[in-house]
Amino acid sequence: MPTTVLGKVYSPDPDDWDNKTYVFEGHLPSYFILNTRTGFLIIKENAPTGAYEFQVRVSDGVWPDAVSTITVHVRELRDEAIYNSASLRLAGLHDGS
């Protein structure tokens with residue numbers, strides 16, 4: 001798997017518009033990169049299969065810091081699972097009113 005953005009680290013914050021700082025808490029996970037400004041979590045290329053758990057401290061300088069626990073499961077997929085997968089997008093749904 002190439003280096004890939006997994007998503008943004010969630011942290012509860014009553015005033016979500018503040019500038020936040022994201023940092024790994026405790027041990028630094030070897031196969032992950034954290035953008036300290038945006039909170040995007042990136043997995044490095046060729047991360048081995050397994051479960052990875054670590055914590056991220058989020059600070060905005062106003063409210064008390066929040067610590068989010070992140071768990072990432074890396075699994076190897078067989079080619080047939082990829083070739084037989086599909087994507088579905090729904091748009092324009094109405095409730096009938």
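**Salt bridges, sheet and aromatic rings**

User: What is the relative accessible area of Glu25?
Analyst: Buried means under 20% relative accessible area and exposed over 50%, with partly exposed in between (1.4 Å probe, protein chains only). Glu25 counts as partly exposed, because its relative accessible area is 27%.

User: What kind of model is this?
Analyst: Residues are numbered from 1 along each chain as its sequence is written, and side-chain values use heavy atoms, with hydrogens and water left out. Local features need pLDDT of at least 70 and side-chain atom pairs count only at pLDDT 80 or more, whereas totals for chains, interfaces and linings use all residues, for this is a predicted model.

User: Which residue meets the side chain of Glu25 in a salt bridge, and how far apart in sequence are the parts that the pair ties together?
Analyst: A salt bridge requires a side-chain nitrogen of Lys or Arg within 4 Å of a carboxyl oxygen of Asp or Glu. The side chain of Glu25 meets that of Arg57 at 3.0 Å, N to O. Glu25 belongs to strand β2 and Arg57 to strand β5, so the parts tied together by this pair are apart in sequence by 32 residues.

User: What is the average twist from one strand to the next in the open sheet of three strands?
Analyst: Two strands pair if DSSP finds at least two bridges between them, and the open sheet has the antiparallel order β1-β4-β3. Strands β1 (4-8) and β3 (32-34) each pair on one side only and are thus the edge strands. Axes are lines fitted to C-alpha atoms, for helices over the stretch in contact, with angles running from 0 to 180 degrees between N-to-C directions. From one strand to the next, the twist averages 25°.

User: Which residue of β4 is the bridge partner of Val5?
Analyst: β1 and β4 are antiparallel and share four bridges, while three bridges join β3 to β4 (residues 40-43). For Val5, the bridge partner in β4 is Ile42.

User: Which residue takes a positive phi in the hairpin of β3 and β4?
Analyst: Five residues lie between the two strands of this hairpin. A positive phi near 85° is found there at Gly39.

User: How far apart in sequence are the parts tied together by the pair of Tyr31 and Tyr52?
Analyst: Rings of Phe, Tyr and Trp (its six-membered ring) pair if their centres lie within 6.5 Å; planes under 30 degrees apart count as stacked, over 60 as edge-to-face and the rest as tilted. The structure holds four aromatic pairs. In one of them, Tyr31 and Tyr52 are edge-to-face, with 6.0 Å centre to centre and 65° between the planes. Tyr31 lies in the loop between β2 (21-25) and β3, and Tyr52 in strand β5 (residues 50-59), so the separation is 21 residues.

User: Is Tyr52 buried or exposed?
Analyst: Tyr31 counts as partly exposed at 33% relative accessibility. Tyr52 has a relative accessible area of 16%, so its class is buried.

User: Why is the pair of Phe32 and Phe54 classed as it is?
Analyst: Phe32 is buried at 4% relative accessible area, and Phe54 is buried at 2%. The ring centres are 5.1 Å apart and the planes stand at 45°, so the pair is tilted.

User: Which residues do ring pairs link into a cluster?
Analyst: The pair of Tyr31 and Tyr52 is edge-to-face, and that of Phe32 and Phe54 is tilted. The cluster linked by ring pairs comprises Phe24, Tyr31, Phe32, Tyr52 and Phe54.
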